[in-house]
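Let's take a walk through this structure, starting with the whole chain and then stopping at a few places inside it. Keep the viewer open as you read.

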Amino acid sequence: FQVTTMSVFSQLSESAKQNPFSLPFRTANCASAVSALILCMWIIIYFWGVTQLVDGLMDWLAYGSTQYVARVAIGAATTVASAYEAGQVEFGTGKYYAYCAFGGVLSCGITHTAIVPLDLVKCRIQVNPEKYTGIASGFRTTVAEEGARALVKGWAPTLIGYSAQGLGKFGFYEVFKNVYADMLGEENAYLYRTSLYLAASASAEFFADILLAPMEATKVRIQTAPGAPPTLRGCAPLIYRTEGLTGFYKGLPPLWMRQIPYTMMKFACFEKTVEALYQYVVPKPRAECSKGEQLIVTFVAGYIAGVFCAIVSHPADTVVSKLNQDSQATAGGILKKLGFAGVWKGLVPRIIMIGTLTALQWFIYDSVKVALNLPRPPPPEMPASLKAKLAAQQ
């Protein structure tokens with residue numbers, strides 16, 4: 001995975017500078033790399049052996065295969081240690097983007113899988129509010145009718161889908177941010193940095209959702225459709241047999257409607273919140289803060305961004321849940337049926353979920369950067385050339 005990803009991202013830059021707002025790229029190389037990455041992820045995600053392996057993971061662990069788990073853990077620790085000993089990775093290189101993508105895989109895959117029970121209840125509140133009237137009642141009803149094990153329904157497509165989405169979300173964000181900054185120039189990249197964050201995150205999420213959509217459709221079907229197979233290897237083939245490939249992608253447009261505004265808010269709000277925290281709240285400059293203190297700032301900024309993300313994207317999230325529950329439904333029909341109030345059902349659990357989720361994602365992502373010695377540029381400062389121009393005007 002690492003070799004494949006690094007080779008793809010290496011096409012995106014032949015040279016790089018330490019300045020995060022100055023990096024030359026070629027559009028053709030970027031487009032071809034994006035296509036190659038999407039193709040690689042399709043092969044990985046839909047390779048049947050992988051789906052069998054993921055769904056059987058719990059049973060495999062139940063048979064006491066701890067020695068194999070230990071080997072995997074040791075291998076991962078060795079990789080991190082070797083990366084740390086190798087020194088800091090150069091900013092803007094293929095290796096840098098590959099590690100950023102890896103950090104995205106961990107941050108999104110781990111966090112989304114960890115909150116599957118809350119996500120399941122949230123989805124059921126959205127699609128059946130008469131039965132699941134709130135968080136507490138949702139948990140009680142689910143456990144009473146299906147047992148405690150039902151709370152982890154959909155964990156396998158969640159793990160695969162959101163790991164792939166994290167790869168695209170964080171990896172491509174770093175790429176697009178530098179591509180667009182180079183197009184704008186150093187001064188404009190600083191002046192219009194909020195627009196830069198919005199454009200880069202929207203571009204990254206467009207491709208990330210293409211990777212996510214099939215697993216998201218499968219997850220929601222498992223969690224909310226009566227009689228649906230309870231496993232990935234059972235539900236995904238069923239969707240394909242009955243609805244074809246379009247069954248996995250009919251929720252893609254509303255998924256874009258949900259995820260692109262969410263991600264734009266997630267990245268732009270996070271970047272601006274970090275900047276504001278260091279400027280107005282943290283009592284000392286970022287350079288004087290320890291890595292632990294910097295990670296605390298990351299977590300706080302991530303939670304603040306997550307609350308706004310949940311509010312902005314919730315109506316579209318309700319539509320996505322309804323679409324994937326009912327194979328005959330349309331987005332327009334759902335909106336007409338639910339009305340304005342109906343699309344806001346489940347907002348409170350989603351704020352709790354997304355706030356915590358976003359904070360943990362940024363914390364994990366930044367921790368990976370620290371562990372792998374990746375460059376972590378400070379909040380942007382006004383370029384010297386722009387300072388000189390402003391001084392001359394005065």
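Of the 394 residues in the chain, 50% are buried. Bear in mind that this is a predicted model. As for secondary structure, the chain has 18 helices and 0 strands. Look at contacts between residues at least 6 apart in sequence, and you'll find that 80% of them join residues at least 24 apart.

The largest nonpolar core has 33 residues, and the ones touching the most other members are Tyr96, Phe170, Tyr173, Phe270, Tyr278, Trp362 and Leu374. Two or more residues each come from α6 (94-114), α9 (155-184), α11, α14 (252-281), α15 (291-325) and α17 (347-371). The top contributor to this core is α14, with 7 residues. There is also a second, separate core of 18 residues, with Ile160, Cys235, Ile239 and Phe248 among them.

Setting aside residues up to four places away in sequence, Tyr96 touches Val89, Glu90, Phe91, Glu174, Lys369, Leu374 and Pro375. One of those partners, Leu374, is also listed with Tyr96 among the core residues that touch the most other members.

While you're in that part of the sequence, click on Asn373. This residue sits in the loop between α17 and α18 (384-393). Its phi is positive, at about 60°, although Asn373 is not a glycine. Is Asn373 buried or exposed? With a relative accessibility of 15%, below the 20% cut-off, Asn373 counts as buried.

Ala204 lies in helix α11, which covers residues 193-224. At a relative accessible area of 0%, Ala204 is buried. Which residues does Ala204 contact, leaving aside its neighbours within four places in sequence? They are Gly168, Lys169, Phe172, Tyr173 and Phe176. Take Gly168: this residue and Ala204 are 36 residues apart in sequence, yet their C-alpha atoms are 6.2 Å apart in space.

Lys177 belongs to helix α9. You might check its accessibility too: Lys177 has a relative accessible area of 14% and is buried. Beyond its neighbours within four places in sequence, Lys177 is in contact with Leu196, Tyr197, Ala200 and Glu271.

Finally, have a look at α7, a helix of 12 residues spanning 116-127. From first C-alpha to last it reaches 16 Å, close to the 16 Å expected at 1.5 Å a residue. How much of α7 is buried? The count is 11 of its 12 residues, so α7 is largely enclosed by the rest of the structure.

What does α7 pack against? One partner is helix α8 (residues 135-146), at an angle of about 100° and with the axes 9 Å apart. That angle makes the two helices, α7 and α8, roughly perpendicular. On the α7 side, the contact involves Pro117, Leu118, Leu120, Val121, Arg124 and Ile125, while α8 supplies Ile135, Gly138, Phe139, Thr142 and Glu146. Sorted by type, the residues of this contact come to 7 nonpolar, 2 polar and 2 charged.

Methods:
Residues numbered from 1 in each chain as written. Predicted model: local features only at pLDDT ≥ 70, side-chain atom pairs only at ≥ 80, totals over all residues. Heavy atoms only, no water. Helix = DSSP H or I, 4+ residues; strand = E, 2+ residues; numbered from the N terminus. Expected span 1.5 Å × (residues − 1). Buried < 20%, exposed > 50% of the residue type's maximum accessible area, 1.4 Å probe, protein only. Contact = heavy atoms within 4.5 Å. Axes fitted to C-alpha atoms, helices over the stretch in contact; angles between N-to-C directions. Parallel < 35°, antiparallel > 145°, perpendicular 65-115°, else oblique. Nonpolar A, V, L, I, M, F, W, Y, C, P; charged D, E, K, R; others polar. Core = buried A, V, L, I, M, F, W, Y, C linked by side-chain atoms within 4.5 Å.
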